[in-house]
Amino acid sequence: MGKAVAAVGDFIGGLGTVGATLLFGVTGFLIASSRPTFDAETRATEFSYRTDAGLPIPFGRVPYAGDVNYRVTYDATNRYQSIFATLAASGPIQSIVSFAADDELTSFDGVLNKATNGEHSGAMWLQTKLGTQPQTALTSPTGSGAGIPAPNWTADHKASGRAVYCLTMLENSKFSEFPGGIVKPRFILEGVYGWDPRLDTTWPGGSGSCRLEDPTTWVWIDNPGLAALNWAIGRWEGLSASYTPDRYGVPYDCSLVAGIGSSLDGIDVAAFVTAANVSDANGWTVAAVPTSTDDKYEVLTKLLAACGAEPSRKAGRISCIVHTEEVASVVTVTGADTNGPVRLSFGQSRIKRRNTAIPRCWLESANWEMTPREPITDAAWVAADGGERGTGFDLPYVPDEDQAAQLTYYELANRREPIQGTVPFRAHMRRIEPGDCFTFAEPGFLLDGVKVRCLNRSYDPMTGGVEITFRQETDAKHAAALAQVGVAPPAVTPDAPPGPYVEPPSSFSVSVAGATVTLEWRNPGTLFDATRRYRGASSVFGSATLIGGSVGALLENRTATDTPGAGTWFYWVTSVDADGNESVPVGPASAVLADLMLTEPGDFLLAESGAFINLG
């Protein structure tokens, strides 16, 4: 340790600066891979009646129940009930995949929109719209048995840009069709479209017809990097007057309904493209339903977490750092590049360090619940820490268990990088940007030959100095992370419940008189049906034979006799209840009987004294 201090001192002292600041034994400052843990994404499967509910923006394949806009009961007998609700804003969405009522998958015919299967077949209707711009209003169901249109709902109730539905239910004359008043709906959606700069020929490096200013050219989004980019751009609705023919939902030319709404100049698009490319390369997707009232930065953080990235700043622009790709070192630095003392922290203390984590993700196969998977760990970490040290890791926008396992390994590995620090550089080092890797090359310096990743960069225009916060970067973690597989925890088979308790008899004993064995016991003190007596030639109850039974009062002292013949015998007593449930056996009590069957005059009996008695 002392040698390391001297080496750093020599390195920085030779630069003509004030001395090194080396922080040993510090538990570690907040590194860039540290992300908050979020609550489970449960609201998407809950039916909302809130009038102030935020506008939902579904990304990827997701469930959603809907936010009620209007609910009415009507008809002369009030047997019809219709619900008009919103599934998504800033549409159109790609599709409505399926509908379930009270978790029962239900289909509807394409003419009358009437349920054709399930518990409510023939008594339920569904109309939907995908949220095109412009879009006409939903209508009440029509056709045989559909009743009258819902009152106070007209063609003026348009829903441009909103994926919406009308669910109508018909109660029967016995009021038994919908005893809960309303079914619990759940739709599976393929969510909104968005701009992909990789498919835009007008964008540097892009190739294709996708254009930011023409939403009709956008692509469906299930990529977390693209979802984060489009959230930063914002989600827009309404007519744009800047184009002929008319365009709708054009960013910056219509009405912002959700997302951050930053100008394109305020976004580091290239960084989000990197996140999108990493997601595609690893097969990572996103499933999320943020709303217009959610914290915008928290949503951006959660979207990026689905591909192992996190929000950052670059020259004042919204950017991100991707921690889940191997990056080549862009430059080698020496002492001549620095402009002050290097401050180092040697990772977290062993007490705070974690080597195992249980990932939880949002799985369709688990009925869209936040579902834990088997712990993710590394044997080398556990050995280094002297045992398993666990934690949890929630990924509420991740819909795949393998993806969750890989991201969890990355999270642990990044937190366990052994060295973090801050180093001031001269002005020419401004080319190092967050996410870039560089390598120290200074003989005798502690970090000589070590590759590090820039986590944050700050520039002082007054002095021209650049301060970079970095973390050591171990390339081997990438292959190890991508080899992880999400595994469901083993199923737990509960133990069979114990049988009813039956109180056994007590005070059990046996005695022998000649050829007769007398059994004595006391009946149980709780209600019973009968007592049973067992006899066997061994002391194992399982081989015994039932020889009789009796009844009697509670706590009554009882006796019974038995003449089993010569030999050693073992006895038990039990009690049974009216249902045939039997108590544990009481015993064994043993009895030894001699052979007394002497039938001929002149036979002898061997007495206990050893003398023979002539029976004459």
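What separates E411 and R415 in helix α6? In this predicted model, in which local features need pLDDT of at least 70, side-chain atom pairs count only at pLDDT 80 or more, and totals for chains, interfaces and linings use all residues, the two residues are four apart in helix α6 and are therefore separated by about one helical turn. Residues are numbered from 1 along each chain as its sequence is written, and side-chain values use heavy atoms, with hydrogens and water left out.

The side chains of E411 and R415 meet in a salt bridge, with 2.9 Å from N to O, where a salt bridge is defined as a side-chain nitrogen of Lys or Arg within 4 Å of a carboxyl oxygen of Asp or Glu. An α-helix has 3.6 residues a turn, so residues three or four places apart point the same way. E411 counts as buried at 5% relative accessibility, whereas R415 is partly exposed, with a relative accessible area of 28%; here buried means under 20% relative accessible area, exposed means over 50%, and partly exposed lies in between, for a 1.4 Å probe and protein chains only.

Helix α6 itself comprises residues 401-415, helices being DSSP runs of H or I with at least four residues and strands DSSP runs of E with at least two, both numbered from the N terminus. Its 15 residues reach 21 Å from the first C-alpha to the last, close to the expected 21 Å, the expected span being 1.5 Å times one less than the number of residues. The helix is mostly covered, as 12 of its 15 residues are buried, among them Q403, L407, Y409, Y410 and L412.

Across the whole structure, a search finds 21 salt bridges. One of these joins R343 and E467, whose closest N and O atoms are 3.2 Å apart. R343 lies in strand β18 (residues 343-345) and E467 in strand β26 (residues 465-472), so this pair ties together parts that are 124 residues apart in sequence. R343 is partly exposed, with a relative accessible area of 32%, and E467 also counts as partly exposed, at 32% relative accessibility. A further salt bridge links D385 to R353, with the closest N and O atoms 2.7 Å apart. D385 belongs to helix α5 (residues 379-385) and R353 to the loop between β18 and β19 (356-363), so the pair ties together parts 32 residues apart in sequence. D385 counts as buried, at 1% relative accessibility.

Strand β23 (residues 420-425) is largely enclosed by the rest of the structure, because six of its six residues are buried. Both faces of β23 are covered, with Q420, T422 and P424 buried on one side and G421, V423 and F425 buried on the other. In a regular strand the side chains alternate between the two faces of the sheet. β23 pairs with β18 in the antiparallel sense over three bridges, two strands being counted as paired if DSSP finds at least two bridges between them; in this pairing, S345 has Q420 of β23 as its bridge partner. β23 also pairs with β26 in the antiparallel sense, over six bridges, and here the bridge partner of P424 is E467 in β26, the residue that forms the salt bridge with R343.

A separate open sheet has four strands in the order β30-β29-β32-β33, with antiparallel pairing. β30 (545-550) and β33 (586-593) stand at the edges with a single partner strand each, so one side of each is left without a neighbour in the sheet. Within this sheet, β29 (residues 530-536) and β30 pair in the antiparallel sense over five bridges, and R532 has G549 in β30 as its bridge partner.

Finally, the count of disulfides comes to zero, a disulfide being a pair of cysteine sulfur atoms within 2.5 Å. The sulfur of C454 is 9.2 Å from the closest cysteine sulfur, that of C437, which is too far for a bond. C454 counts as buried at 0% relative accessibility, and C166 is likewise buried, with a relative accessible area of 0%.
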